Amino acid sequence: MGFLIFLIITAAAVPFGAQFLRLLRISPAAIPERFLASATVGYVLIGYATLALGLVGKLTPWGVALMLAGAGLLGLGNWDLLWEAGLQLTNVLLRGLRVKVIGARKAPGDVSGTPDEGEPRSSNHVPALLVVVPMLILTLILALEPPSGRDFDGLSEHLAQAAFYARHHVVEPLWHDHHSQFPSNMQMLYTLGLSFGSVSAAKLFEWFHGVLALVAAALIARRFMARGATAWAAVVLATTPMFMWLMGVSYVDLGVVAYGLVALLALLEWERDRQPGQLLLAALVAGCAGTVKMQGLTIFAVLGLGALVIMLRSRREKSGSGDPSHTTSKPSWGTLAAAAAIGLLICAPWYVKSAVYTGNPVYPFAYGIFGGKHWTANQAVGYSRHQLEFGLGELPPQDVLDRMPRWKKAFVGPREPWKWLFAPFGVTYMPWEYEVNLGQLPNLLMTSVGPLYLALLGALILIRGKPRALTLSLWLFLPLWIWWFLSMQLERYLLPSLVLTVPAAGYAAYRGLHSGPVGRQLFKWALGLWSMTAILITLWIAAPAVPVVLGIESRDDYLTRSLDVYAPSKFIREHTPPEARVATYGEVRTFYFDRDAFWAESGHSDLIPYQQMKGPEDLLKRYRELGITHVLVNVRYLPGFWEAPDQTLGLLRQAMDRRMLVLMGSFGPRQNYLLFEVRQPGGRT
Amino acid sequence: MPKIDLQMPLWQQIVVGVWALGNVALFVRQILVAYAAALGGG
């Protein structure tokens, strides 16, 4: 059912996006490119329509159905795009199936050394069939799995937000969670799935953005590097552990990953053909990345900078050229300005919304410049410090940091200059330093980028005759890499930038396999060993979910045994009134509550001023003002809960001692979850 | 796309090939070591 809902929404979004591109006269001629661009723009437009419905409080299933029907009707003339794209993809896979027959008839020594004269064409698809298809199937199983322990941000932020919007039929700020002020196009798509009661449909959007990214990476390699690099680019991306993990959860990063690659594809086409429409399309799609995450703005800016440099070089070359044919495709400042405008316009509503609600378009960042509602200078410092702590090495204490000159702060702790050189190795082999530390094994299997980027991009140094597009994509990656190093060294935040190098890595694999007999063997072993390992890893992660996906095991049983917060969530769902509002301490994964939740710890907002409270009466009064009826505490993540002299914990303990908070039950393997009911005035609970 | 000579001198084949295979092998070894440590409660 979830799959059907996802297909219906996609079948409305893609033709709608195609129609929009046609109206702007920037629709690509080739089917794969048109499909990618239409899906990107279509999803963003559908996301905006969902937001609009939510802002006027009409986000009901009927409202959503009418909106989708309207989008489907507007895109009516473009429905053939769905069939054409499906047929082309099927054709690619079927050609791969024929390879053994072709290969068996091939004469010995029939492998020449040029990209276009090498093995039979269909042999290019073998890696895709043997590696990418199994990875797609396994990640699809993960996408159809009920959101589980691997889906931390989904359960706490993305799905939880979407569930609130779907439950109340409205989009409004969730002041306890600053993430709800971020650009949220993917959450809008999740809201659509949840409006029809399907969390699988919601998760499939993230999975499908991974598929879009795979196609875009393969197309870039095929169109601009070498036909033989096509499938290898897809293999590099599909076997990236971080990418595999993200395809199976309801994070939003793959939206930026996909749109960044589609934008690169359009930019490279403009670089080759210099048609103004191609630049406008690149900017539009890059702007779409900014509707998913603020990080998309960085990619938009860097691609824009790349376009500017290309244009300046081109103008210089052409001004010195006597060839009159060049003047017809001379890029103009007007085109560049129009591209910048169209890219900014497509993402602007999210930032305007944030500015209207909070006073800060990039809330809660840049607090020193814009400020921000329900946010304080202390929270801004703590938030910034938390982000800067990722990476190799320790950040100096805050008081030491505060005394440093501004320039020096950028080069201490994880940002010491030598670590910039070491980072490619650190990111590859020590992913736990660049992510939330889950333990070495989980970090290697799920939040690393794997070995192929270092292995293949490093090999490019010795490879001669690199395509121009490859060099360009690496130049575009460089400022993004520096930005990542100087800001937040989280490996997940590196992925949208790193994927711009995937086609280059695919090309390196292709060149290595055709470098000669010794090189061929070594690369075969390298790619084979890693592909097999990646499939085994994914199989290992996906296998436990197979029974629940096939309906052999109930979702309830599966979640009870695999997700610690599920038992208290289920209790809340079954034993509290629908209008209940649950404050949480030491726990933010509230999706399965099916009730309104409130992250009550002081780091999340200033809504509960613990430091100004004199006793538990003040706390209870504030609870009542905020409509909080229950309190869930996860002692496991509140060290010293029973004795620490912390103001917040002390107030909670006093409220418990004086039976202002009445224990309803305890849950979890160590009874670490405690659920309380807030006593109302007059002693009622 | 222009036709280019894909062949590399033997020493380059060895350098890029060993670099590629070495990195993959080292990463797989990392996984196995971490797995063994996890099994052993380390």
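User: In this predicted model, what makes helix 8 of chain A roughly antiparallel to helix 9 of chain A?

Analyst: The value to look at is the angle between the two axes, because two packed helices are described by that angle and by the distance between the axes. Helix 8 (residues 185-195) and helix 9 (residues 199-224) of chain A pack at an angle of about 150°, with their axes 7 Å apart. Angles over 145 degrees count as roughly antiparallel, and therefore helix 8 of chain A is described as roughly antiparallel to helix 9 of chain A. As for handedness, helix 8 of chain A passes helix 9 of chain A in a right-handed crossing.

User: Which residues make the contact between helix 8 and helix 9 of chain A?

Analyst: Helix 8 of chain A contributes A:Met186, A:Leu189, A:Tyr190, A:Gly193 and A:Leu194, while helix 9 of chain A contributes A:Val199, A:Ala201, A:Ala202, A:Phe205 and A:Glu206. Sorted by class, this contact has 8 nonpolar, 1 polar and 1 charged residues.

User: Why is A:Ala166 called buried?

Analyst: A residue is buried if 20 or more other C-beta atoms lie within 10 Å of its own; A:Ala166 has 24 C-beta neighbours inside 10 Å, and so A:Ala166 counts as buried. This residue sits in helix 7 (residues 152-168) of chain A. Leaving out residues up to four places away in sequence, A:Ala166 touches A:Leu59, A:Thr191, A:Leu194 and A:Ser195, and A:Leu194 is also one of the residues by which helix 8 of chain A makes its contact with helix 9 of chain A.

User: How do you know which helix of chain A gives the most to the side that touches chain B?

Analyst: The contact as a whole joins 34 residues of chain A to 29 residues of chain B. Several helices of chain A, among them helix 20 (417-429) and helix 25 (502-513), each supply at least two residues of the side that touches chain B, but helix 26 of chain A gives the most, with 9 residues. By class, this side of chain A has 19 nonpolar, 13 polar and 2 charged residues.

How values were computed:
Residues numbered from 1 in each chain as written. Chains lettered and ligands numbered in written order. Predicted model: local features only at pLDDT ≥ 70, side-chain atom pairs only at ≥ 80, totals over all residues. Contact = placed C-beta atoms within 7 Å. Helix = DSSP H or I, 4+ residues; strand = E, 2+ residues; numbered from the N terminus. Nonpolar A, V, L, I, M, F, W, Y, C, P; charged D, E, K, R; others polar. Buried ≥ 20, exposed ≤ 12 C-beta atoms within 10 Å, placed from the backbone. Axes fitted to C-alpha atoms, helices over the stretch in contact; angles between N-to-C directions. Parallel < 35°, antiparallel > 145°, perpendicular 65-115°, else oblique. Left-handed = near helix turned anticlockwise from the far one by under 90°.
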